[in-house]
Structures are given as C-alpha cells and as structure tokens.
Protein chains: 2
Amino acid sequence: MGISDRVYGVAVAKTAETQQDRTDTANQILDVAERLVQVRGFNAFSYADVAKEVHISTASLHYHFPSKSELGEALIARYANRFMAALGEIDEGVADHPRKLAAYVELYVGVLRNERMCLCGMLAAEHETLSAAMQSAVVKFFEKNEAWLAEVLQQGRDQGSLRFAGSPLEEARSIVSALEGAMLVARSFGDINRFQAVAGHLLTSLRP
Amino acid sequence: MGISDRVYGVAVAKTAETQQDRTDTANQILDVAERLVQVRGFNAFSYADVAKEVHISTASLHYHFPSKSELGEALIARYANRFMAALGEIDEGVADHPRKLAAYVELYVGVLRNERMCLCGMLAAEHETLSAAMQSAVVKFFEKNEAWLAEVLQQGRDQGSLRFAGSPLEEARSIVSALEGAMLVARSFGDINRFQAVAGHLLTSLRP
DNA sequence: GTCTATAGGCAGATAGAC
DNA sequence: GTCTATCTGCCTATAGAC
C-alpha cells in the first residue's frame, strides 16, 4: 500500500497512531461520510445518505455520532491524523527535499484520483456554515501542512537543493494555496491533468 | 466607483452590456442570493433566506426564478458578465502588462474584502451537486479568465515586461488556481493578508 | 407581481423497545 | 447497538386569490 492510499480512506489499515479505537461500524460510517463530504460537501449529505450505505438506521448513526457536527469533528480529526502520518512516512522514507515535495504533491494526486476534493479544502469553502470546533480543526490542518512544508523548504534551501525567494513559511503558504486551488478547479473540469500541470509547474519553479 | 466595486455586486450600475433587463425586485433577489452563495454556499442558503431579506414571500421569489437551479444559472451569468466587463476595463484603462495582472488580483481582493469567496470558486467546490447548466457555466467562467490572463501573459512576455516558463495558458491556469486557492484558505483563516502575501509572491515571480 | 396556504418530502434528532 | 416510530422544523415548489 502506497503512502497516498493512506490519505483518502480506501483500504486503510488500522494503526494506533492514526486511528482511535472505534468499532467497525463507526469506522464504516466515517469512511462513507468522508467520501460524501469530499465529493458533495458537508452541507450536501445527510445522515440518511450514510445510513443507507452502511445498512443501518439513522437512529443507529446517532448512537455513534450524536450530532452531525460531532461526526464532522471526527472526520477532520481522522483525516488530519492520516495526513500527518503520511507526512511522517515521507520524512522517514524520502531522502532529498525536492522528492519530499513531489511526494507531498502525490498525496493530493491520490485524493483527486478518487474524484474527491481535499476534505479540509471542501470544508474551507463551507467554513462559514460550520461549528466553531470544525472551523478551528480545519485551520489547524492547514497550519500543520504549512509547518511541515516550511521545514522541508528551509532544509532544502539550506542544502542548495531548493530555491525560492522569501521566507519558507510564506512559500509554504503559497504552495498549499496553489495545490488546494488546483484541486478545486481541476475537479470542476473533471480533468486531473490540470492539477498535474499546475503541480509540475510549481515543483519546477522550486528547482535551484 | 472602482473596477473592483463592479465585481462583488455592491452598488453596481445597470449597463446594457453587463446586465439583462430585469425588474428591481429580480436584481435585489440576485444581489442577496449572490452574497449568500459567496458566503455560505449554494447548498447552504434557501429561498426563505432570500425572501426574508428582500421582504417578499418565497412564492414571489419563485415567480422571478421558478427553480433554485435557474436562480443559480442567473447568478453565474450575471457574475461572469460583470467579471468580464471588469477585465474589459482593465484592458482599456491599464497600460503595461504587470499592472494589468495587479489589477486582476485586485478584483479578487475586492471580493475577499467583502468576506466572500469567488462565486465560481464556491460553486466549484459544490460542483458535484449542481445542475448540468450550472456546472458548465462555472467551467466557462474559469476558461474565460484563463484566456484573458493567457493573452496578457503572452503580450507581456513578448514585450519583455513579464517573465515565465512554459506556455501562457499553462501559466494562466496556475495563476487562477493559486488565486482561487489563496481565497479559499485565507477566508477560513479570516485573514486577507494571507491572500495578499500569496498574490504578491505570485506577481513578484512574474517580474523579468 | 404579490400574497396566503399548503403540498410533499427530507433534514437532524429523540424516545423507548429489544 | 440496533431497531421502529415519531417529532419538529425546514426545504423547494405549486395553487389560486387579489
């Protein structure tokens, strides 16, 4: 199983680091709800949609996740944990910094291949309609991504394997924005090549 | 009234080129609905929300726009027309190409200042849930933006006032993606400076 | 063009049996 | 943990009077 398989929730092995101790049913619920949010948005799926796919009643769904907001919070937490775990694997498994960035981009490609938007990118669009807890969880996801990227960028520049103007954090924010935007647009065109072109352009511009 | 005031629907003068012949009520409806979509999303506002603000009944609203999808199509058409008119004003009023790009970025800043997302950026997130007519209208909006940018980029590079690698259209797509993504993220941080930083970085990278 | 009234369905959520 | 049944409210949309 590749790194990117860990991110969009397909056939993900349970590990202590990335998943809380949940029942199989709860995890099935999260899997289905995650996909529905990434494809349709948090405001465009219902408990009934999830219940139907998991073959339980909406009442049972409320047993596992009492409110839709709590389900949403659990979704973000699981997604963020999985994403951070993937970043950890990149740290350990990939040597040079340009390749780390390429591996980071591949995480996005993996999401897009499943015809999904980044969970937190989708929730960012719906930000104004979310609970305070969900809002701050989305923001934290972006901050963690930026911090990881900034670290890679700084080290790469120090070693001469990456080149960019300005601060690493500023560059990191530009990269996150560009990738999220490229996903957003590419998905409405139904054309993953649009994402690949933008991402390739981005990686090229960082070459020394 | 500045160029950017024309884009987000505040105090916009009626002109034959940019607006269809609609009653005041229909335009009020569009103004309110547009703001609600840009702030909350198409799936997170109702006819009741609009009716309340316009001080009419939902039944009257259905007289002007029989279905929500038709309202959505009218929203995109008006927004796209206004945006294209603003691009036309940039073409006529701004001389050098770097400044044209800066003026283009200012259109986005104007939207963000009103605490809104780009209408079509928001609809891109919700793409999977939209009618076919709305979907293709969103795509056309992006294509027109890219075509305009590609033209500016090509001319600027030919004159030596802009510098970039690859084709103008590829660069244009990267710019649209970066700006839409920067809006998306900046808005969830509630921090317009995040957008300004990314946009400034982008404009700087195009300097010869 | 606007209204009241209402249809018909779906939303999130709860009670209580098993 | 799961179910059926139900509540309350909101949703888009329509009928028909004015």
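Start by selecting Ala124(A): this residue is buried, with a relative accessible area of 0%. Buried here means under 20% relative accessible area, exposed means over 50%, and partly exposed lies in between, with a 1.4 Å probe and protein chains only. The model is predicted: local features need pLDDT of at least 70, side-chain atom pairs count only at pLDDT 80 or more, and totals for chains, interfaces and linings use all residues. Residues are numbered from 1 along each chain as its sequence is written, chains are lettered from A and ligands numbered from 1 in the order in which they are written, and side-chain values use heavy atoms, with hydrogens and water left out.

**Stop 1: around Ala124(A)**

Stay on Ala124(A). Its helix is α6 of chain A, residues 119-125. Helices (H or I, at least four residues) and strands (E, at least two) are DSSP runs, numbered from the N terminus. Now show the neighbours. Leaving aside residues up to four places away in sequence, Ala124(A) touches Val138(A) and Phe142(A), along with Leu184(B), Arg187(B) and Ser188(B). Contact means heavy atoms within 4.5 Å. Then pick Ser167(A). From Ala124(A) it is 43 residues away in sequence and 24 Å away in space, C-alpha to C-alpha.

**Stop 2: the aromatic rings**

Colour Phe, Tyr and Trp. Their rings (for Trp, the six-membered ring) pair if the centres lie within 6.5 Å; planes under 30 degrees apart count as stacked, over 60 as edge-to-face and the rest as tilted. By this rule the count is 22 aromatic pairs over all chains. Zoom in on Tyr104(A) and Trp148(A). Their centres are 5.6 Å apart and their planes at 20 degrees, so this pair is stacked. Tyr104(A) belongs to helix α5 (residues 97-113) of chain A and Trp148(A) to helix α7 (residues 132-159) of chain A, so the pair ties together parts that are 44 residues apart in sequence. Check both for burial. Tyr104(A) counts as buried at 1% relative accessibility. Trp148(A) also counts as buried, at 11%.

Move to chain B and select Phe83(B) with Tyr104(B). This aromatic pair is edge-to-face, 6.2 Å centre to centre with 75 degrees between the planes. Phe83(B) comes from helix α4 (residues 68-93) of chain B and Tyr104(B) from helix α5 (residues 97-113) of chain B, so parts 21 residues apart in sequence are tied together. Phe83(B) and Tyr104(B) are both buried.

Widen the view. One aromatic cluster holds Tyr79(A), Phe83(A), Tyr104(A), Tyr108(A), Phe141(A), Phe142(A), Trp148(A), Phe195(A) and Phe189(B).

**Stop 3: charges over rings**

Select Phe189(B) again, this time with Arg194(B). Arg194(B) lies over the face of Phe189(B), 3.5 Å from the ring centre. The rule is NZ of Lys or CZ of Arg within 6 Å of the ring centre and within 35 degrees of the ring normal. In chain A, select Lys68(A) and Phe45(A). The charged end of Lys68(A) sits over the ring of Phe45(A), 4.5 Å from its centre.

**Stop 4: DNA strand C**

Show DNA strand C and the protein beside it. A residue is near a molecule or strand if one of its heavy atoms lies within 4 Å of it. Sugar and phosphate make up 62% of the atoms of DNA strand C that come within 4 Å of the protein.

Which helix gives the most to the surface near DNA strand C? Select α3(B), which supplies four residues. His64(B) has a polar side-chain atom 2.5 Å from one. For Ser57(B), a backbone N or O atom lies 2.7 Å from a phosphate oxygen.

**Stop 5: DNA strand D**

Switch to DNA strand D. Pick Ser60(A): an N or O atom of its side chain is 2.8 Å from a phosphate oxygen of DNA strand D. In Ser46(B), a side-chain N or O atom is 3.1 Å from a phosphate oxygen of DNA strand D.

**Stop 6: two loop residues**

Most residues other than glycine have a negative phi. Select His55(A), which has a positive phi of about 60 degrees although it is not a glycine. His55(A) is in the loop between α2 and α3 of chain A. It is exposed, with a relative accessible area of 71%.

End on Glu115(B). Its phi is positive, about 60 degrees, although it is not a glycine. Glu115(B) lies in the loop between α5 and α6 (119-125) of chain B. Buried or exposed? Glu115(B) is exposed, with a relative accessible area of 61%.

Note on methods
A polar contact is a pair of N or O atoms within 3.5 Å; within protein, one must be able to donate a hydrogen and the other to accept it, and residues adjacent in sequence count only if both atoms are side-chain atoms.
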